[in-house]
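This report goes through one protein model in order: surface, cores, salt bridges and domains. Keep the sequence and the structure in view while reading.

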Amino acid sequence: MAIPRLVPALDTEPADATALRAEVRAFLDEQRAAGTFTPAVDAWLCGWDEKFTTALAARGWLGMTVPKEYGGQGRSFLHRFVVTEELLAAGVPVAAHWIADRQIVPSLLKYGTERQKQEFLPRIAAGQCFFGIGMSEPDSGSDLASVRTRAVQVEGGWRLTGTKVWTSGAHRAHAFIVLARTAPVDPAHRHAGLSQFIVRFDGPGVEVRPIISMNGGHHFNEVILDDAFVPDDMVFGQIGNGWQQVTSELSFERSGPERLLSTFVLLAQTTDSMARQQISRDADLGRLVARIAGLHHMSMAVAGALERHEPADVPAAVVKVLGTTTEGDIADFADLHRGDDGALPQQARDLITAAVDQRPGFTLRGGTNEVLRGVIARGLGLR
């Protein structure tokens with residue numbers, strides 16, 4: 001199978017972005033020919049390959065929106081969008097740097113201290129520093145306001161105690177940003193009293209425990225914070241402003257092309273199998289392709305809004321709901337039409353198996369679609 005390609009409406013894309021897209025595709029062709037990767041489903045979450053990350057960093061494709069004085073490229077969100085979209089469409093292993101580049105970089109630029117920017121941004125752009133996210137907790141689901149991890153101020157810093165779950169890459173990453181309570185819960189203002197901290201995984205009082213998926217995969221983890229000390233210079237943003245900061249971060253997490261392209265390699269493989277008459281024809285395949293095309297434009301529009309510093313929580317939630325639903329529908333379609341596996345190449349069978357395994361998580365991670373529909377309704381004044 002050739003590397004899957006997106007076909008964006010190039011007349012709406014600036015010439016320099018189109019040229020960049022061609023450059024990324026040429027690089028991916030070279031890498032595929034050299035056997036450095038095999039296209040995979042959900043590779044942005046499960047495909048951890050630090051050598052591949054280093055190769056991307058050497059080409060300036062990490063930290064693209066980071067100002068040059070912090071070791072980045074000083075390029076636009078649109079340029080970064082083009083690169084990440086092509087990487088996702090090809091199913092390359094980008095999990096090592098994904099969270100740091102997608103979510104931590106813009107958050108550091110917006111809320112980080114000068115010391116934090118100097119320490120982390122150059123290393124992220126160089127592919128040498130990997131981050132996780134410390135939001136979810138046991139029994140909390142998508143209700144971030146119910147977090148029970150507590151931070152108590154002590155001399156020189158804070159002591160954190162609590163448990164975080166579903167922390168991707170914690171067993172390999174260097175640090176994560178933890179959401180914790182720094183003031184008692186006020187039932188009338190549940191979102192108040194929350195703060196964020198940069199916590200290193202190798203620090204005292206931090207224990208990482210693996211969460212093994214049913215298919216034997218390991219990318220999720222549980223992180224136990226047992227009186228873990230965080231110095232004052234690793235307070236992230238302002239004490240008490242955690243909720244506002246988290247909602248800002250989630251716009252980056254929910255609106256990116258990874259919320260619609262996790263199964264794109266399977267869609268491309270299924271299209272190829274149908275063209276070769278290895279599976280029966282079905283008009284629903286065209287509908288799935290059309291949905292991806294529409295979501296491409298929606299996700300790009302949110303990237304533009306974020307670059308203009310416009311509120312994007314509601315549009316991001318819309319992209320996430322529609323995108324992850326489409327990802328799951330692609331998995332279901334391919335599985336339904338697999339027929340006699342003997343007619344399909346091994347790569348196609350492997351992609352279907354992986355997509356079906358990962359499918360339950362598509363609409364859960366980054367906030368369940370049920371919760372996000374509430375976000376959309378409130379944003380539109382329907383609640």
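A nonpolar patch is made of residues with over 30% relative accessible area and no salt bridge, with nonpolar side chains joined within 5 Å. The model shown here is a predicted one.

**A patch on the surface**

Val152, Val154 and Phe229 form such a nonpolar patch on the surface. Together they have about 230 Å² of accessible area. Valine 154 sits in strand E2, residues 150-154. Is valine 154 exposed or partly exposed? Because its relative accessibility is 32%, valine 154 counts as partly exposed.

**The nonpolar cores**

In soluble globular proteins, nonpolar side chains tend to be buried together. In this model the largest nonpolar core has 55 residues. Leu28, Leu56, Trp61, Leu87, Val92 and Leu266 are the residues with the most contacts inside this core. Several helices give two or more residues to the core, among them helix H1 (15-33), helix H4 (77-90), helix H9 (284-307) and helix H10 (313-336). At least three residues come from each of domain 1 (16-130) and domain 3 (245-380).

Which residues does leucine 87 contact, leaving aside its neighbours within four places in sequence? Leucine 87 is in contact with Val24, Leu28, Leu56, Val92 and Val94.

Threonine 84 lies in helix H4. Its relative accessibility is 4%, so threonine 84 counts as buried. Not counting residues up to four places away in sequence, threonine 84 touches Trp98 and Pro257.

**Salt bridges**

Side chains of opposite charge can pair when their charged atoms come close. The structure holds 19 salt bridges.

| Lysine 164 | Glutamate 137 | 2.8 Å |

In the salt bridge of lysine 164 with glutamate 137, the pair links distant parts of the chain, 27 residues apart. Lysine 164 is in strand E3 (residues 157-164), while glutamate 137 is in the loop between strand E1 (131-134) and E2. Both lysine 164 and glutamate 137 are buried.

Aspartate 272 has a relative accessible area of 25%, so aspartate 272 is partly exposed.

Why does arginine 338 count as buried? Arginine 338 is buried because its relative accessible area is 18%, and buried means under 20%. Aspartate 335 has a relative accessible area of 31% and is therefore partly exposed. Elsewhere, salt bridges that share partners join Arg21, Arg25, Glu85 and Glu86 into one network.

**Domains**

The domain assignment gives domain 1 (16-130), domain 2 (133-241) and domain 3 (245-380). The C-alpha centres of domain 1 and domain 2 lie 25 Å apart. How many residues does each of domain 1 and domain 2 bring to the contact? The contact takes 19 residues from domain 1 and 19 residues from domain 2.

Methods:
Residues are numbered from 1 along each chain as its sequence is written. This is a predicted model: local features need pLDDT of at least 70, side-chain atom pairs count only at pLDDT 80 or more; totals for chains, interfaces and linings use all residues. Side-chain values use heavy atoms; hydrogens and water are left out. A nonpolar core is a set of buried Ala, Val, Leu, Ile, Met, Phe, Trp, Tyr and Cys residues joined through side-chain atoms within 4.5 Å. Buried means under 20% relative accessible area, exposed over 50%, partly exposed in between (1.4 Å probe, protein chains only). Helices (H or I, at least four residues) and strands (E, at least two) are DSSP runs, numbered from the N terminus. Domain bounds come from an automatic or database domain assignment. Contact means heavy atoms within 4.5 Å. Patches are made of residues with over 30% relative accessible area and no salt bridge: like charges are joined within 9 Å, nonpolar side chains (Val, Leu, Ile, Met, Phe, Trp, Tyr) within 5 Å. Accessible areas come from the Shrake-Rupley method with a 1.4 Å probe; for residues, only the protein chains shown count as cover. A salt bridge is a side-chain nitrogen of Lys or Arg within 4 Å of a carboxyl oxygen of Asp or Glu.
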